[in-house]
Amino acid sequence: MTTRIGKGLRDAAGLVLLTGACAGTGALIGAAGHFYNYSMTPKKHDPRLDKQPSEKEYAAGRRWMKSHPKREDVYIRGDDGLQLHGNYIPAENDPSPDKEAAEEHRFAICVHGYSDASDSMGLYAAVYRDRYGMNVLLPDLRGHGRSDGDYVGMGYDDSRDILRWIDWVLEKDPDAQIVLHGISMGAATVLMTTGYNLPGQVRAAVSDSAYTSAMDIFTFVYKSLDEAVIPAPVMLESVRAIALVRAGYDIAKAAPIRAVARSATPTLFIHGQADSFVPPAMMPALYKAASCPKAFQWIPEADHVQSVNVDPETYWARIERFLHAQEVALI
């Protein structure tokens with residue numbers, strides 16, 4: 001999955017080098033335009049990548065979600081009128097009279113990452129539903145899957161969309177206990193969502209492999225290229241200007257590190273120590289900045305969003321302990 005997630009941005013940067021090697025404003029604008037097109041235009045998941053060893057469990061999760069007999073297509077409207085799609089799978093009803101019939105009150109909202117769609121979160125949703133007895137909601141972020149939109153939100157507009165999904169859950173069940181769980185850009189989205197004044201029903205957030213800000217991750221990718229000839233600050237400010245026009249938002253505001261400083265939502269930060277796409281150092285920076293009740297978990301030898309596959313026992317045990325500490329009921 002690391003190769004797939006990082007490929008779009010690195011390909012974009014390569015095109016930037018090809019078109020931006022000559023000087024002048026025109027060349028800069030052209031190079032920045034290429035970077036924008038390849039980094040902020042939504043991409044579809046390439047099913048051929050499912051044959052990679054790192055994709056095995058993710059591919060199984062996709063099949064689980066797509067073929068689940070109780071899966072429902074659900075829709076909401078974003079603040080700007082875009083139609084947004086999600087997949088909802090209710091928990092099994094527990095007929096046993098000696099157990100608390102509270103399954104309908106537990107919800108996990110699982111948020112996918114860059115260059116993918118909601119089915120990539122089937123791996124996580126299956127655990128929340130089948131092991132923990134929770135209802136699961138898997139939204140397609142704007143521009144991805146079956147949701148409207150023609151740009152990548154990098155967590156900014158997406159976080160307001162997650163607010164609408166939280167409203168959707170609370171309309172369904174005002175007594176819900178909600179857990180937010182995101183990976184990569186989905187983790188950044190979750191963290192930015194916690195920067196809002198959330199209802200008390202949102203009990204916890206899990207951030208797996210989040211970046212500190214869109215500008216930081218774009219800068220990291222660009223600087224990783226030895227042949228980069230345009231100074232990174234100049235390039236990124238140009239991309240920022242294009243995004244303001246084409247996407248209608250300031251990518252500099254897609255900054256989870258600022259959002260967590262306002263957060264009151266208990267948050268668990270997880271990161272692989274071998275992450276080659278989002279620098280591992282970004283997790284301690286986010287953790288330090290967070291004002292909420294918080295915890296962290298390193299997963300040694302895990303590359304980008306591979307922690308759940310490299311050491312699933314540690315991964316889920318840490319989440320269980322964290323959710324129990326927030327008094328989220330698990331079966």
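This is a predicted model: local features need pLDDT of at least 70, side-chain atom pairs count only at pLDDT 80 or more; totals for chains, interfaces and linings use all residues.
Trainee: Is His181 buried or exposed?
Mentor: Buried means under 20% relative accessible area. His181 comes out at 0%, so it counts as buried.

Trainee: How far apart in space are His181 and Thr267?
Mentor: In sequence, 86 residues separate His181 and Thr267. Go from C-alpha to C-alpha through space instead, and the value is 9.7 Å.

Trainee: Okay, on to pockets. Which element gives the most residues to the lining of the largest pocket?
Mentor: That pocket holds about 450 Å³ of space, and 23 residues line it. The elements that give two or more residues to the lining are helix H3 (56–67) and strand E2 (83–89). The one that gives the most, with five residues, is H3.

Trainee: How many residues of that lining are charged?
Mentor: Among the residues nearest the pocket's centre are Lys66, Asp119 and Asp140, and Asp and Lys count as charged. Across the lining, four residues are nonpolar and seven are polar. The charged ones number twelve.

Trainee: What span should helix H8 have, going by its residues?
Mentor: H8 covers residues 232–246, which makes 15 residues. The expected span is 1.5 Å times one less than the number of residues.

Trainee: Where do the buried residues of H8 sit around the axis?
Mentor: The buried residues are Ala232, Met235, Leu236, Ser238, Val239, Ile242 and Ala243. They cover an arc of only 155 degrees around the axis, so they sit on the same side of H8.

Trainee: Which exposed residues are on the face of H8 turned away from its buried side?
Mentor: Exposed means over 50% relative accessible area. On the face turned away from the buried side of H8, the residues that count as exposed are Pro233 and Val245.

Trainee: How many aromatic pairs are there, and is the Tyr124 and Trp316 pair stacked or tilted?
Mentor: Searching the whole structure gives 15 aromatic pairs. For Tyr124 and Trp316, the ring centres are 6.3 Å apart and the planes are at 55 degrees. Planes under 30 degrees apart count as stacked and over 60 as edge-to-face, so this pair is tilted.

Trainee: Which helices does that pair link?
Mentor: Tyr124 and Trp316 are 192 residues apart, so to speak in distant parts of the chain. Tyr124 belongs to residues 122–131 and Trp316 to residues 312–325, so the helices are H4 and H12.

Trainee: Is Tyr156 paired with Tyr249 in a stacked or tilted way?
Mentor: Their centres lie 5.4 Å apart, with 15 degrees between the planes. Under 30 degrees counts as stacked, and this pair is stacked.

Trainee: Back to H12: which of its residues are exposed on the other side from the buried ones?
Mentor: Tyr315, Trp316, Arg318, Ile319, Phe322 and Leu323 are the buried ones. They cover an arc of only 155 degrees, which puts them on the same side of H12. On the other side, the exposed residues are Glu313 and Ala325.

Key: Residues are numbered from 1 along each chain as its sequence is written. Side-chain values use heavy atoms; hydrogens and water are left out. On a 1 Å grid over the protein atoms alone, a cavity is a set of points where a 1.4 Å probe fits but cannot get out, and a pocket is an open set with protein on both sides within 12 Å along at least five of seven lines; lining residues have an atom within 4 Å of a point. Grid points are joined across faces, edges and corners, and a volume is the space filled by probe spheres set on the points. Helices (H or I, at least four residues) and strands (E, at least two) are DSSP runs, numbered from the N terminus. Buried means under 20% relative accessible area, exposed over 50%, partly exposed in between (1.4 Å probe, protein chains only). The arc is that of the directions from the helix axis to the C-beta atoms. Rings of Phe, Tyr and Trp (its six-membered ring) pair if their centres lie within 6.5 Å; planes under 30 degrees apart count as stacked, over 60 as edge-to-face and the rest as tilted.
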